[in-house]
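Please open the structure in a viewer and keep the selection tool at hand. The stops below proceed from the whole chain to single elements and residues.

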Amino acid sequence: MGLLDVFFPKKCVNCGVFGAYVCPTCFIYISFDVRPICLVCNRQTYNGLTHEYCRGRYVIDGTFSSITFGKVAKRLVYRFKYKPFLKDLGEFMVDLFYEGLIQKEAFFQSLHADTLLVPIPLHRTKYRQRGYNQVDVLAKGLGKRLGLPVASLVVRIRSTKSQVNLDQKARKENIAGAFAIAPGHEGTFSVRKTIFLVDDVLTSGSTLSEAARILKKAGAAKVYGLTLAHGQ
Ligand SMILES: [Zn+2]
Ligand SMILES: [Zn+2]
């Protein structure tokens, strides 16, 4: 038992029972049965890949999510934003993320020798408030498990309001122009051809689509999204 367990003992985010972040009883509410959608037309796609007829030059190539954004997943993601739980809970969430991804054939087929994981960044104001980006923790953990390098190639240049209460069109407008290629990384794309953008939750997909667009404009050949949870 570490010092952290004394001050912040592990307890189930759903029922409060001590011992684990999700107890065995509540674990059954975590569903790996994600129904992937095409981020271009918002309709279902059976394997996570963007429909052939929806593909375009600056369009995201697909998105893979590990669990559905149900009640327990929501509580996990919420808890993850409080620093005392970050490291320990992060490992648990990386396990879920990894387990969900390795079940997907299309995910493996999208992997290449030059694949790079890129976390979706926070704006620096928010980063300073929180002190960390929880998505970095997921990206690093996943990179270790998959043997893939992680690089912060994208920066957020404009602060955006929360996407939660916005409709699809408003979300697109809200996120437009929010990202840029990180200074000094403009030339990275000649050697790195496949990029997996990492985020915690997929809702409308407008954030991933916008980040994919600027990466493709910078020369990335393939860009996919990877998210721990998928809100349906
Ligand atoms: Zn429980
Ligand atoms: Zn489509």
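Helices (H or I, at least four residues) and strands (E, at least two) are DSSP runs, numbered from the N terminus. This is a predicted model, in which local features need pLDDT of at least 70 and side-chain atom pairs count only at pLDDT 80 or more, while totals for chains, interfaces and linings use all residues. Residues are numbered from 1 along each chain as its sequence is written, and chains are lettered from A and ligands numbered from 1 in the order in which they are written.

**The whole chain**

Along the principal axes, the C-alpha atoms fill a box of roughly 50 × 40 × 35 Å. For 232 residues, a compact globule would have a radius of gyration near 17 Å, and the chain agrees with its 17 Å. That radius is taken over C-alpha atoms, and the globule rule is 2.2 Å times the number of residues to the power 0.38.

Of the 232 residues, 36% are buried. A residue is buried if 20 or more other C-beta atoms lie within 10 Å of its own, exposed if 12 or fewer, and partly exposed in between, with C-beta atoms placed from the backbone. Two residues are in contact if their C-beta atoms, placed from the backbone, lie within 7 Å. Among contacts between residues at least 6 apart in sequence, 71% join residues at least 24 apart.

**The nonpolar core**

Next, select Met93, Leu138, Leu197 and Val198, the residues with the most contacts inside the largest nonpolar core, which has 53 residues. Such a core is a set of buried Ala, Val, Leu, Ile, Met, Phe, Trp, Tyr and Cys residues joined through C-beta atoms within 7 Å. Among the elements that each supply at least two residues of this core are strand E1 (62–68), helix H4 (86–101), helix H7 (134–146) and strand E5 (194–202). H4 gives the largest share, six residues.

**Helix H4**

Select residues 86–101. Which residues of H4 are buried? They are Leu89, Met93, Val94, Leu96, Phe97, Gly100 and Leu101. Viewed down the axis of H4, these buried residues fall within an arc of 165 degrees, so they line one face of the helix; the arc is that of the directions from the helix axis to the C-beta atoms. On the other side of H4, Lys87 and Glu91 are exposed. The cover over the buried residues of H4 includes E1, H3, helix H5 (105–110), H7 and E6.

Now centre on methionine 93. Apart from neighbours within four places in sequence, its contacts are Leu76, Phe80, Leu138 and Leu228.

Select E1. Six of its seven residues are buried, so E1 is largely enclosed by the rest of the structure. E1 pairs with E6 in the parallel sense over six bridges; two strands pair if DSSP finds at least two bridges between them. One place to look is threonine 68, whose bridge partner in E6 is histidine 230.

Move to strand E2 (115–119). Four of the five residues of E2 are buried, so this strand too is largely enclosed by the rest of the structure. E2 and E5 pair in the parallel sense over five bridges, and proline 119 has valine 198 in E5 as its bridge partner.

Stay in strand E5 and pick isoleucine 195. Isoleucine 195 is buried, with 28 other C-beta atoms within 10 Å. Valine 118 lies 77 residues from isoleucine 195 in sequence, yet their C-alpha atoms are 6.8 Å apart. Beyond four places in sequence, isoleucine 195 contacts Leu116, Val118, Leu215, Ala220, Lys222 and Val223.

**Helix H9**

Select helix H9 (206–217). Nine of its twelve residues are buried, so H9 is largely enclosed by the rest of the structure; among them are Leu208, Glu210, Leu215 and Lys216. The elements covering the buried residues of H9 include E1, strand E3 (154–156), helix H8 (168–175), strand E4 (179–181), E5 and E6. After H9 comes glycine 219, with a positive phi near 115 degrees.

**Asparagine 42**

Finally, select asparagine 42, in the loop between helix H2 (24–27) and E1. Is asparagine 42 buried or exposed? It counts as exposed, because it has 11 C-beta neighbours inside 10 Å. Its phi is near 65 degrees, a positive value in a residue other than glycine. Most residues other than glycine have a negative phi.
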